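Here is a short briefing on charged side-chain pairs. Look over the sequence and the structure first, then read on.

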Amino acid sequence: MALTYTPLCEFNTPAPNFRLPDAHGTFITRDMVKKANGLLVMFICNHCPYVKAIQEKLVSTSERLLKESIGCVAIMSNDYLAYPEDSPEQMLTIAKSHQYPFSYLIDQTQEIAKAYGAVCTPDFFGYNSELKLQYRGRLDSARSDTSVSNPIPELLNAMSEIIKTGKGPITQHPSMGCNIKWKADTRLP
């Protein structure tokens, strides 16, 4: 597991389209999950300790964003044959046990992770109503430290600003987590 930080936000980059299955085999597209005020695309997985540490916050943040008409979706792009804890069966278990309010999709070819430029789990991409990138940062100021009391909810604050102005904050702090587990034939250049 290599600790990886996300790059800076490339403002106004369009959200790549996708058509990916969930663990039940139901295909979901970008346009099916976007909502009137925008879209949050999260690259997560089951085995990453950084994702495990923020599971409850992922759920509560997504629930709040959904109420504010921001669509939310999670994508698992790891090579689950090499990392069986990230298998579709385990995805179902995790989604059910944490009561994910968002679709949890499988990017088996890893093409969508490459299209977005995802580098780690968790990796957050916040889009405005025009599906232009406005946030590429961390969930909150605690990162994965569960002992921090009253962390600043940076993702939630950024998405609220995006709803009001269509633009994300200029200052954004990178997310950090485990690198995406690329298949030997799909690594980023």
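**Salt bridges in the model**

Lys-57 and Asp-140 join their side chains in a salt bridge, at 2.8 Å from N to O. This pair connects distant parts of the chain, 83 residues apart. The model is a predicted one. Its salt bridges number six. Side chains of opposite charge can pair when their charged atoms come close.

**Lys-57 and Asp-140**

- Lys-57 sits in helix 3, which covers residues 55-67.
- Asp-140 lies in the loop between strand 9 (133-135) and helix 6 (154-165).
- Lys-57 is partly exposed, at a relative accessible area of 26%.
- Asp-140 is buried, because its relative accessible area of 5% falls under 20%.

**Arg-138 and Glu-154**

- A salt bridge pairs Arg-138 with Glu-154, and their closest N and O atoms are 2.7 Å apart.
- Arg-138 belongs to the loop between strand 9 and helix 6, while Glu-154 is in helix 6, so the pair ties together parts 16 residues apart in sequence.
- Are Arg-138 and Glu-154 buried or exposed? Both residues are buried.

**The network around Arg-30**

- Arg-30, Asp-31 and Lys-34 form one network, joined by salt bridges that share partners.
- Arg-30 counts as buried, with 14% relative accessibility.
- Asp-31 is partly exposed, and its relative accessible area is 40%.

Conventions. Residues are numbered from 1 along each chain as its sequence is written. This is a predicted model: local features need pLDDT of at least 70, side-chain atom pairs count only at pLDDT 80 or more; totals for chains, interfaces and linings use all residues. Side-chain values use heavy atoms; hydrogens and water are left out. A salt bridge is a side-chain nitrogen of Lys or Arg within 4 Å of a carboxyl oxygen of Asp or Glu. Buried means under 20% relative accessible area, exposed over 50%, partly exposed in between (1.4 Å probe, protein chains only). Helices (H or I, at least four residues) and strands (E, at least two) are DSSP runs, numbered from the N terminus.
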